[in-house]
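Work through the exercises below with the sequence and the 3D view open. Each task is followed by a solution in steps.

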Amino acid sequence: MQGMMQDWQLTCDRILTRAKISHPQRVVVSRQVDGSITRTTYGEMYDRARLLSSALIKRGIKLGDRVGTMAWNNARHMETWYALMGFGAVCHTLNPRLHPDQLKYIVNHAGDAMFFVDLTFVPLLEKVQKDLKSVHTYVVMCEPDQMPNTSLKNAVCFETLLAEGDDNVVWGDFDENTACGLCYTSGTTGNPKGVLYSHRSNTLMAMTAAMPDTMNVNGSDTCLMVVPMFHANAWALTFTAPMTGMNLVMPGPMMDGASIYELLESEKCTMSAAVPTVWLMLLNYLEESGNKLPHLREVVIGGSACPRAIMETFDKEYGVKVIHAWGMTETSPLGTVSRIEPELADLPYDEQLSYRLKQGKPPYIVEMSIVDEDNNELPSDGKTSGRLMVRGPAISNAYFGGDGGNILDKDGWFDTGDVASIDPMGYMQITDRSKDVIKSGGEWISSIDLENAALGHPAAAECAVIGLPHPKWDERPLLIVQLKEGMKADASSFRDFLTGKIAKWWMPDDIVFVDEIPHGPTGKISKLDLRKQFKDHVLSTI
Ligand code: ADP
């Protein structure tokens, strides 16, 4: 027997339509490429996005076509998302920090028909455009008087294009499983692979993100969305904000500590989300300037492990609660969130902290398990580590174009490539990425745990651990440290600091100092580059 409920497809256009009806006056603040601040509302954004949809349709874009964007977080970028998704085109966000060869590969693989580009990236695209075979028009996201003299093919100013549109456009009216967004994972092995979101998966993730035990947001919040819109759906916030009605503030290209602080303060932001590097820069700025954060309630930190020092400093110095989250492009991206549950509420601060530093528990739409090499499920005892598997309605079932073949096991689980344990309370803790784990004498050393322990050293700005070959133990850890500016410390001070904080046999064999630890396109430490840099390093213990 079928239920007797209406057929109401979960398409993303409904999100902005709701914002237009329910809270059109709520504001969207953007920092532009030139540093200036502009303000719009969800009401205006809806009107403009519909004009843009109509203009794009007039220029031949249709359901299922891919259109690329290379832009910072700003209102025009968001209007582009909703304009495309509204009539079933696929919004393909590209990370500007990609190597040009990868960029070419990705655009050609996706077959993008048009391309939206912020002023910052015009020169980059001019250089590669001859190899971007499918792109017939470039839209420069600026005012008419800012339009550069560019060689980009059929270049048109965003505002000029928008003026071609009218309100005679139908949004929605297609199946909720229709493709909606495309985002390539950075592909540390092999070519990048396209994760193709659907309207349904994005809508479910947006609702999930808002829940109290997830990001805990509502219409009274103002969100500083630092996490880039080209990084895994901006952790669903581009949808969750208009859905719930929270004001949205976007930092554009300026993500240094002072600029982030300025927006947090001037817009009285109550929540924010970004990778640890951004928060490290903010905390450094606050320490130097003596400023405080009176409005900020919570920050969500994910993308890589949240160091203990960040969580403690936010708690103790600024009264801001850090919420640790884990996810990946393939999981839309929220996979787990760590919040203190009532059963843990009476624990002392330090014990609560150890739970909060885990990656946390999956929301309703994510199932999770850990398995051994033969796919046998492992116990949730908080000690046993294994391959982390996930499944759910907002998790990939294949990559765009069928790359990589079948990516699910026979029971529909997706292998995350992470190694994790799950404790009896259900909190998951990442111990490593499978390819970063250090295998010493048959036992695993977690590079993440070692990095976090070392980062507690007062002189450490950033730390990375990689495994190097060792004749007796197979692999042993090398700790690579970037010191805070103006600070001095030597290897023995790090050894002393780590003693007692880690198992004895985890002590790095060597500790080396570098001017700068390299980062990949999503701002994470690039172990690939570090492995190349230190491939000839011979451990002093050999
Ligand atoms: P890429 O794989 O291209 O870096 P993703 O953003 O999809 O891009 O990265 C997902 C990976 O990032 C996860 O599989 C995990 O290894 C890591 N990650 C994300 N959040 C956390 C976290 N909170 N703690 C530790 N690792 C994390």
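**Exercise 1. A covered strand and its partner**

Task: How many of the 11 residues of strand β22 (residues 460–470) are buried?

Solution. Strand β22 is mostly covered, with nine of its 11 residues buried. Buried means under 20% relative accessible area, exposed over 50%, and partly exposed in between (1.4 Å probe, protein chains only). Strands (E, at least two residues) and helices (H or I, at least four) are DSSP runs, numbered from the N terminus.

The model is predicted: local features need pLDDT of at least 70, side-chain atom pairs count only at pLDDT 80 or more, and totals for chains, interfaces and linings use all residues. Residues are numbered from 1 along each chain as its sequence is written, and side-chain values use heavy atoms, with hydrogens and water left out.

Next, find the partner of β22. Strand β23 (residues 474–483) runs antiparallel to β22 and is joined to it by 10 bridges. Two strands pair if DSSP finds at least two bridges between them. Three residues lie between β22 and β23, and the two strands form a hairpin.

**Exercise 2. The open sheet**

Task: What is the strand order in the open sheet of seven strands, and which strands are at its edges?

Solution. Step one is the order, which reads β7-β6-β5-β3-β4-β8-β9, with mixed pairing. Step two is the edges: β7 (156–157) and β9 (193–198) each pair on one side only. Step three takes one pair from inside the order. Strands β3 (residues 66–70) and β4 (residues 90–93) are parallel and share four bridges. V67 stands opposite C91 in β4.

**Exercise 3. One face of a helix**

Task: Which residues of helix α1 (residues 13–22) are buried, and why do they line one face of the helix?

Solution. The buried residues are D13, I15, L16 and A19. Seen down the axis of α1, they fall within an arc of 165°, so they line one face. The arc is that of the directions from the helix axis to the C-beta atoms. As background, an α-helix has 3.6 residues a turn, so residues three or four places apart point the same way. The buried residues of α1 pack against α2 (42–58), α3 (75–86), α7 (199–210) and α8 (237–244). Contact means heavy atoms within 4.5 Å.

**Exercise 4. Aromatic pairs**

Task: How many aromatic pairs does a search of the whole structure find?

Solution. The search finds 11 pairs. Rings of Phe, Tyr and Trp (its six-membered ring) pair if their centres lie within 6.5 Å; planes under 30 degrees apart count as stacked, over 60 as edge-to-face and the rest as tilted.

- W81 and F239 form a tilted pair, 5.7 Å centre to centre with 45° between the planes. W81 lies in helix α3 and F239 in helix α8, so the pair ties together parts that are 158 residues apart in sequence. Both W81 and F239 are buried.
- F115 and Y138 also form a tilted pair, at 6.0 Å centre to centre and 35° between the planes. F115 is in strand β5 (residues 114–118) and Y138 in strand β6 (residues 137–141), so this pair ties together parts that are 23 residues apart in sequence. Both F115 and Y138 are buried.

W81, Y82 and F239 form one aromatic cluster.

**Exercise 5. A serine in a loop**

Task: Is S446 buried or exposed, and which residues does it touch?

Solution. Begin with its place, the loop between β21 (443–445) and α13 (447–455). S446 is buried, with a relative accessible area of 3%. Not counting residues up to four places away in sequence, S446 touches T431, D432 and W506.

Then look at its polar contacts (pairs of N or O atoms within 3.5 Å; within protein, one must be able to donate a hydrogen and the other to accept it, and residues adjacent in sequence count only if both atoms are side-chain atoms). A polar atom of the S446 side chain lies 2.5 Å from the backbone oxygen of T431. The side chain of S446 also reaches the backbone nitrogen of D449, at 3.0 Å.
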